[in-house]
Structure formats: C-alpha cells, structure tokens
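Visitor: I'd like to learn how to read a structure like this one. Could you walk me through a few features?

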Amino acid sequence: MGPVTAVGSAETLHLNLLGPVEAHRGGTPVKLGGPKPRTMLAALLLARGRVVSDSRLTALLWDERPPTTCPAQLHTYASRVRHLLGPGVEVERRRPGYLLGLPDRGVRVDLLEFQERAARGAEALAAGRAATAADELRRALAVWRGVALGGVCDALADVERDRLEEERLVTLERRIDADLELGRHAALIPELIALIAADPLREGLRGQLMTALYRSGRQADALAAYRAARATLADELGLEPSAALRRLHQALLSGDPALLPRVPRASRGAVPKASAKPAPAVAPTAREPVAVGAAVAAAAGRASAPAGPVTATAPASAPHGERPLRPAELPPPPADFTGRDQEVMRLGTALTTRRPRRPDQAVHVVTGMPGIGKTAVVLQTAHRVKPSYPDGQIHLDLRGSGPRPLDTADALAELLRLLGVPAARIPGTLDERMRAWRTRTADRRVLLVLDDAADERTLRPLLPVTDGCAVLITSRSGLYALEGVSRTVLGPLSPPESGSLFDKLAGRLRTGAEPASAAAVVDACAGLPLALRIAGAKVAARGHWPLSRHADRLTDPGRTLAELAFSDLSLRDRLMEAYRRLTPSARRALRFHSELGPHPVQARTAARALGTGHEEAEELLADLAAAHWAEVVRQPGGYAYRLHPLVRLFARDMLADEEGAVPHVLPVRSSWALARTGDTA
C-alpha cells in the first residue's frame, strides 16, 4: 500500500485506524459491522500491500479457538469488506491469504497521513526549521482520534496497538522539542506534567519537563523534577535514571549554556504569553545553541537525542594537536528504492528513540539471502536517521562474503583513520587498535554501517561500547551468537512491490505496453531485488527487443540464471560466493533438496533423499534456513523447508555439476506466487 494521494472529492473514501476502526465515503459512515470485519480490514491495511496469510488472519480473528469453518468465514469477511468499500478497492485472494489493493486516488488512510506528516516534521526538525516542524507534527498528531484500532479483536490490538502508540509518542516528543526550540517552554509545562502523569516511566518527557522548567527561570523546580524521576524509576523498576537524564541533571546544576534554545530569540515564532517569563541568567557562548533534545549531550560532548543537528565538540580523548573528523561516508541509497517501508520505519524508530537504549537498540543486524536488498535497506535507514548522529556516519565494506574478507585489524585502522587519527599514530596491534577505537567513540554520537559481515568473531572488536553510537550491520549470516542485537530478516518483495520496482527500472512505457510479459518477468524474478534489478537493466539497455523476448528467455529454466547477469551484476556469482561458505554436508543437502520439488519439504523426505537419519536431516535443513538458503514453513505436526525458486535452479545446476546427471522427474520450476501455498514460521 503506497502513499495515498489526498483528494478533496466528496466521494473520497476515508479509512481510519488511529481511533475506532471506521470507513467513511463522502462523509457518510460505512457500516462495517462487528469486530471481525473491522479486524479483517485493519489487518489488510496494516500489511501495506502485502499478503496476509490465512493462518495469521485466523489467529487475529479467533485467537486460539478457530472454528472448523474458518476458511469459509475468512472468505465471507473478505467479500464483505470488498462489498462495503465499493468500487476501486480490491480484496484479492492471493494464496496463502488475502491482499488489499487501493487505488492511487480517492482514498485516504489516516495512518499513512499521520506517518507522512510525522516524517516531514522530523526532517524539518533535523534541518533546524523548528516552526515548520512544529506545524507538521501538530497536523500529524491531530489525525489521531483516540486509542488506535478501536473495535477490533483483542489479538490484533495486542499485536499492533503498542507499536502505533509508540509512533505517536515519538512524534509527540518531537513536537515538544520543536516548541521548546521556538521558546514556548512555559506554555509546555502543564502539558508535560499531564503527559508524565499518564506515562511516568518515559524519560524523554521527564527531560523535556526539566528543560522547560529551567528555561522558565525555575531551576529549583527542574532539579525537583529530576529527583521525582529518579524516585519513580527506583520504586517501579529498581533502576537509576539513564545516562542522558543524569547528564541533563549535571547541566542544570552547572547552568550549561547548551540548555538554551537553538533558535535565536529574534527569529522565533509567536510565543504564548505564558512563556514570557525571563530565561535563567546564563552567559552566552560563541557557539550556536543546540536543540533541547541534544542540549545535555552538547554539554557532555555528545548528543543524547535526535532532535536536530548538534554542534559536536572534540572528544576529550583526542590527543592535543589532532583534528577530530566528522566523517560522512554513507554511499547514496538506491534512487529507485521500493517496498520495505515497515522495516525501514522500525529501524529508524529504534535508532532515533528518545528512550534509554537497551543493548539491542544500538546494534541492528539486517540479514537475508544473497540479493535480497540488505544494503539498500540499511542505507535507506542510515540516510533517514543521520541527523541524529552529528559526529559522523561511517560505511565500511567488510567483504565478508568474498574470497578476501577485510582483516579485523585493518578494519579498525580504517575506522580510526576516518575519525582523524594520523596513520603514524594508529597503534600496531589488534588489541591496542580496539581500545583506541572504543576510546575515540566513547564521547561521540556516530552511526556505523558495517556492510557484508562474515561472522561474529571478526565483528565484535568493531562495535563501539558507548550508548551514543549505533551500528547497522548487513550479513548473509544471522550472526546469532552476537550478543545484545536486534535482527531484521528480509524476505522476497511482494508481487505488487516487485512489479513497482520493475516498472521503475524497465520504464513504465515498456511494461505498460506488454503487461503480460512484464508480469512473467516479475514472476521469474521471484521477489528478489537483485534479479529484478538485473532484468530491469537489461530491458532498459535493449530497447529494441520486445519485452516478450526477455520474458521467454527468463522463464526458460535452462537459461534463467544465465539471463540474470548484466554488466557487473550476476545472480549466479552472488549465489556461488555464498554457496562456497557452506559446509560440504550443507552444500550436499541443498543440492538434493533442489530435486524434491518447489513445495515445502519435511525432514523425513529429505532424509530419504540424502540417505541420512531424520534428526541429521533436520539439523541440515535448519542450518540451511539459518543461513537463509531455505524458508521455514509451519505445517501440521511440524515444520518443512522450501527453497526460493532461483536458489532451487542454482542448486539443481550444482547437483548436475557435482553429482552427475539430474533425472527430470519433478517440475523444474513453477510460478513463484502459486508455489507459496504454506505459511512461513
């Protein structure tokens, strides 16, 4: 479900999730009925153009007590939603579930409107346009009509409501930051007191209240607010305040000038009368003041929140005479980036949250099969959050999937160089370099992107230990032995997303002129972004070929992989790099799995093909799934494993090369969409 164009027609269909789940057409309510059709509509809208499987819908509608007739009832609810929403809205049966399709115009979804305005407000705040940010963020929050997902079944509310509420609270805190920058501190105090009463453990609000009180000339009250926060955290959680809140406390005690608003008084917008109290007498400094969300951090030499650009100071650990650098090393994200909205949003929220970070909020691993678009997701996220990391953004290719991975000591030397350490001063041993790297990042807020990591052992020395830094890692391995990280596993793009990406790459005139051939090419690429990119580049480069010729070549199993190579891109080469890193037994299991058909394979079936015991076959298949060569599918009585169609073609080639002739007993390929009849675990 892409961005919805706001239109002013009286026939506009409004779909609302941020409050009671409702639909209105032309101002007239649509009678959705009880909780189950509302849950069906909400689940399909929240999927944003992705298929929602039957098993997930069953769990959301009936929790643990599904009726025997649930497939028929799902069909009934889907039909009812389709009928109620009227022409232009499609509720399509797309195995293994249902897909909601919305037109480009004439429909407004309140969640999308909120997210788009919130994103524009965050960007304006990061760029120092506080008045614009405050306006956009207020408009975003005004979209909410109450507690999200009202009137749906409890199972859906339990899964999604906290996430949506967190998005609202993050946006609210950013709006308060913008108002603080505009000098509206006194007017904010009553609002912040009420918000803290409702959510007493949210330290971001506590810090904003302390700052607002201080700026209103109420230093004693600001310090009392810190003591109240400390007592509440101790009583409720047995914890001390976060490092950020403690730094703010110290800044209040010392009257640090960084606590002043960053918008000069002469350029502030209209300020409520209540905010006209004199600011505390604090001597100005030559440097520009910073946003309140980062005020403490500026006092301590690093930012503590993503409220906007921060004037970085030299870390105390930099030797005299060295010039600390603020590297800006991020490669550009793909201009045609498509899909992955939820993944990028989730990562971006974790990297810019004002809450005290848990360990798994600072290090994030993005993983998946070769060619699935890991680097694209990470770069898209990194560019979105880079204003929150004013001391620098570093990208380092670790070359973990290639024949010559970057040595850990060499990687540390490069990281130190990027932070301004002269080559002559870089320590000689791995241990010394590791200590120097951690010292250099201890008082800085740096975003580190480590691309193509091989394993945990080589990665651990590269991770900063400060809570001010964050790390995004891409790896074909899940890096499951790495402590304290969060993981995002990327699967194939949905058919609509795949079609949209191919349209961008090949050109809409070409795909629109031959829609059936375009659909065949998209299906042959099976949702793999690298395959779609190669196919799109070929079509664009060979404009004199009809699209049907490309489709015929790609859908021939004997030449599919050969066709998916262009210029310096080759899917077969990318798969071969990863294949060589598997153990011999895992490679053999992959080869034989490819001969067992396009559908999920259970361990007992694989055991017969491999000539092994059931337990050994289960171990091998589980290892292939952990390395993202196979997909886990839940089935009655256990699990099965399915190969991606392009992986299966590659593995069959390896079977022919390494095991001899391949018997043509089972189908070589089938439609990617039709083969996905199971539900992933």
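This is a predicted model: local features need pLDDT of at least 70, side-chain atom pairs count only at pLDDT 80 or more; totals for chains, interfaces and linings use all residues.

Visitor: Let's start inside. Which residues touch the most other members of the largest nonpolar core?

Guide: A nonpolar core is a set of buried nonpolar residues joined through their side chains. Here the largest one has 74 residues, and Leu15, Phe114 and Leu149 touch the most other members. Helix α6 (residues 154–181) gives the largest share of this core, eight residues. Apart from that core lies another, of 72 residues, including Leu330, Val366, Val601 and Ala625.

Visitor: What is Leu15 in contact with, leaving aside neighbours within four places in sequence?

Guide: Its list has Glu22, Ala23, Leu45, Leu85, Leu102, Val107, Arg108, Val109 and Asp110.

Visitor: On to rings. How many aromatic pairs does the structure hold?

Guide: You look at the distance between ring centres and the angle between planes. There are four aromatic pairs. In one of them, Trp62 and Tyr77 are 6.4 Å apart centre to centre with 40° between the planes, a tilted pair. Trp62 belongs to helix α2 (residues 54–62) and Tyr77 to helix α3 (residues 70–85), so the pair ties together parts 15 residues apart in sequence.

Visitor: Are Trp62 and Tyr77 buried or exposed?

Guide: Both Trp62 and Tyr77 are buried.

Visitor: Why is the pair of Trp629 and Phe650 called stacked?

Guide: Planes under 30 degrees apart count as stacked. The planes of Trp629 and Phe650 are at 25°, with ring centres 6.2 Å apart, so this pair is stacked. It links distant parts of the chain: Trp629 is in the loop between α26 (614–626) and β16 (630–635), while Phe650 is in helix α27 (residues 645–659), 21 residues apart.

Visitor: And why do Trp629 and Phe650 count as buried?

Guide: The cut-off for buried is under 20% relative accessible area. Trp629 counts as buried because its relative accessibility is 3%, and Phe650 because its value is 0%. Together with Tyr579, Trp629 and Phe650 form one aromatic cluster.

Visitor: Which charged end sits over the ring of Tyr579?

Guide: That's Arg587, whose charged end is 5.7 Å from the ring's centre. Likewise, the charged end of Arg588 sits over the ring of Phe592, 4.8 Å from its centre.

Visitor: Last one: where does Ala436 lie, and what does Ala436 touch?

Guide: Ala436 lies in helix α15 (residues 430–441). Not counting residues up to four places away in sequence, Ala436 touches Leu416 and Pro427.

Notes
Residues are numbered from 1 along each chain as its sequence is written. Side-chain values use heavy atoms; hydrogens and water are left out. Helices (H or I, at least four residues) and strands (E, at least two) are DSSP runs, numbered from the N terminus. Contact means heavy atoms within 4.5 Å. A nonpolar core is a set of buried Ala, Val, Leu, Ile, Met, Phe, Trp, Tyr and Cys residues joined through side-chain atoms within 4.5 Å. Buried means under 20% relative accessible area, exposed over 50%, partly exposed in between (1.4 Å probe, protein chains only). Rings of Phe, Tyr and Trp (its six-membered ring) pair if their centres lie within 6.5 Å; planes under 30 degrees apart count as stacked, over 60 as edge-to-face and the rest as tilted. A charge sits over a ring if NZ of Lys or CZ of Arg is within 6 Å of the ring centre and within 35 degrees of the ring normal.
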